Amino acid sequence: MTETSAFVPADPAPATDASPVVVFDHVCIGFGETPVLEDVSFTVAPGETRILLGPAGVGKSVLLKLVNGLLRPDEGSILLFGEEISHMPEQRLFPLRKRTGMVFQEGALFDSLSVRDNVAYQLIQELVPDEEIDSRVHEALHFVELDETFSLFPSSLSGGMRRRVAIARAFIQQPELLLYDSPTGGLDPVTSTTIIELIVKERDISRTPSLLVTHRLQDAFTLCTHRFDATENRMVPLPEGETDANTTFLMLEEGRLIFDGSLRELLASQNTFVREFLE
Amino acid sequence: MAIDRIERTAKQLVLTVQDYSWFAFRAFMNLWRPPIYWPEFLVQADIIGVGSLSIVILAGVSTGGVLALQSAATLSAFGATAITGQFVSLTMIRELGPVLTGVMVSGRNASSMASELGSMVVTEQIDAMRALGVDPMRKLVTPRIFSAIAMLFFLTIVADACGIAGGGLVTIFMNHQDGPQYFAMAWEHLRYPDILQGLIKPLFFGYILASIGCFYGMRTSGGTQGVGRATIQAVVSASVIIIFVDFFITQLLLSLFPAP
């Protein structure tokens, strides 16, 4: 979206007055005898980007799937757009899910469909006219700088390109909430930076509330310490010591939420696990 | 220890049957509630129907031919080779046509359904579909089940026709018997209940093979190894259940339409 002319200030005041987009209240879930998440409570406010940190296997992806009802909690309640979804029937969840965009760990592109049909999946289901679909897909692919992949199939794309197509698919309907499941997992540093730049770009242009799962501290810190400069069409660092006030952190340790706060609070935390993770 | 294992296996079996029943019921009920994905029906009908045509024709012709060969050898001992046509047509239409078609198509399509859906599960494509607001049961499972039912019906008719034709070829060119007599016997002794019996069975078999293929595909876990496991389970279960259910349907239909 290089055409974007409006520069969005990188450090606006957090929108705390409006009701939260996501509310987790004492959520627990387990598979078989093994508890995965225990007593997890947090919120995602409008305009807020929350980065969920934690080592592999602590339940980060499970938590993300609970947000849009792909998994159901054993205990506790989850509010999505103000609606309790813990026990909501699947059919009633579909309209809510259409309002969220989700980027899966490996992209989860439909390998039998072209990039165009993948990105336009929701639009095709809604029987949007072909001309409109093509124009919106071109726009979404332009945003992720993959215009040339329109007619290609996922099998001919690299891992990073697949991830960017998945981001385009999540963005195309301009969702009210974005969920990123390890969007840079398994990618080389250069490609990871490209993906993070896209996320920063989306955050600073649309201010869509989002929840991002990662175990890569570098990506998390980049998100917090950079802004998207629309005039230069690239991500630039914030002035020394400044961070994006709307980007905050959560940390999981063995299924328990042990940290909820800003980057400064994270760096100042005396929790042993947090300290070990940061070092 | 052994008791524990038996108990665990029994519980797992009951749970699987319960899950399958609920799954099959939901897939069936989806046909009567929108949205219905008609293009998916056509795509699946093409894959299942047209795609399986060659193996069904081949199996039908061979089975009919073998039936004619075997029956002629036995019937000649009683001087009754004239009823070869009747024997082949009744056996094909009432029993072998539906069962063979069901087993052949389940080998080809229950496995492909399980592996295709299983791959989609392990690569999170099913979750992605749900996250995009589309119900995979409606989009993927229901069209496969109803296409399989419709296509198995027609494939069975093809298998019956090919079986009778194959029997005719053997009768004429290998057994050197009278062709018109074979076809006259094949036709004249057919009753409507025989045809009805042969055409009711594929409706059940189509439902069984597709619902089992989709069921095992959708509950795949454990990566690519899990996909392989799901495929094997789908083919074995579908084939065994088709043969098992055939016994009960035959018994029921024979009690409804007793032989004269």
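Visitor: How many residues of chain B are in contact with chain A?

Guide: This is a predicted model, in which local features need pLDDT of at least 70 and side-chain atom pairs count only at pLDDT 80 or more, whereas totals for chains, interfaces and linings use all residues. Residues are numbered from 1 along each chain as its sequence is written, and chains are lettered from A and ligands numbered from 1 in the order in which they are written. Two residues are in contact if their C-beta atoms, placed from the backbone, lie within 7 Å. On the chain A side 15 residues take part, and on the chain B side the number is 11.

Visitor: How do the residues on that side of chain B divide into nonpolar, polar and charged?

Guide: Ala, Val, Leu, Ile, Met, Phe, Trp, Tyr, Cys and Pro count as nonpolar, Asp, Glu, Lys and Arg as charged, and the others, Gly among them, as polar. For the side of chain B that touches chain A, the division is four nonpolar, three polar and four charged.

Visitor: At what angle do helix 3 and helix 5 of chain B cross?

Guide: Axes are lines fitted to C-alpha atoms, for helices over the stretch in contact, and angles run from 0 to 180 degrees between N-to-C directions. The axes of helix 3 (residues 84-122) and helix 5 (residues 136-174) of chain B come within 7 Å, and they cross at roughly 145°. The residues of this contact in chain B comprise 15 nonpolar, 10 polar and two charged. The crossing angle asked for is roughly 145°.

Visitor: How many residues of helix 3 of chain B are buried?

Guide: A residue is buried if 20 or more other C-beta atoms lie within 10 Å of its own, exposed if 12 or fewer, and partly exposed in between, with C-beta atoms placed from the backbone. Across the 260 residues of chain B, the buried share is 44%. Helix 3 of chain B is mostly covered, and of its 39 residues the buried number is 30.

Visitor: Which residue of strand 8 of chain A is the bridge partner of A:I51?

Guide: Two strands pair if DSSP finds at least two bridges between them. Strand 3 (residues 49-53) of chain A runs parallel to strand 8 of chain A, with five bridges joining them. Strand 7 (residues 177-181) of chain A also pairs with strand 8 in the parallel sense, over four bridges. In strand 8 of chain A, the bridge partner of A:I51 is A:L212.

Visitor: Why does A:P154 count as buried?

Guide: The place of A:P154 is the loop between helix 5 (130-143) and helix 6 (159-171) of chain A. Its contacts beyond four places in sequence are A:L109, A:D111, A:V115, A:N118 and A:R162. A:P154 counts as buried because its C-beta neighbours inside 10 Å number 20.

Technical notes
Helices (H or I, at least four residues) and strands (E, at least two) are DSSP runs, numbered from the N terminus.
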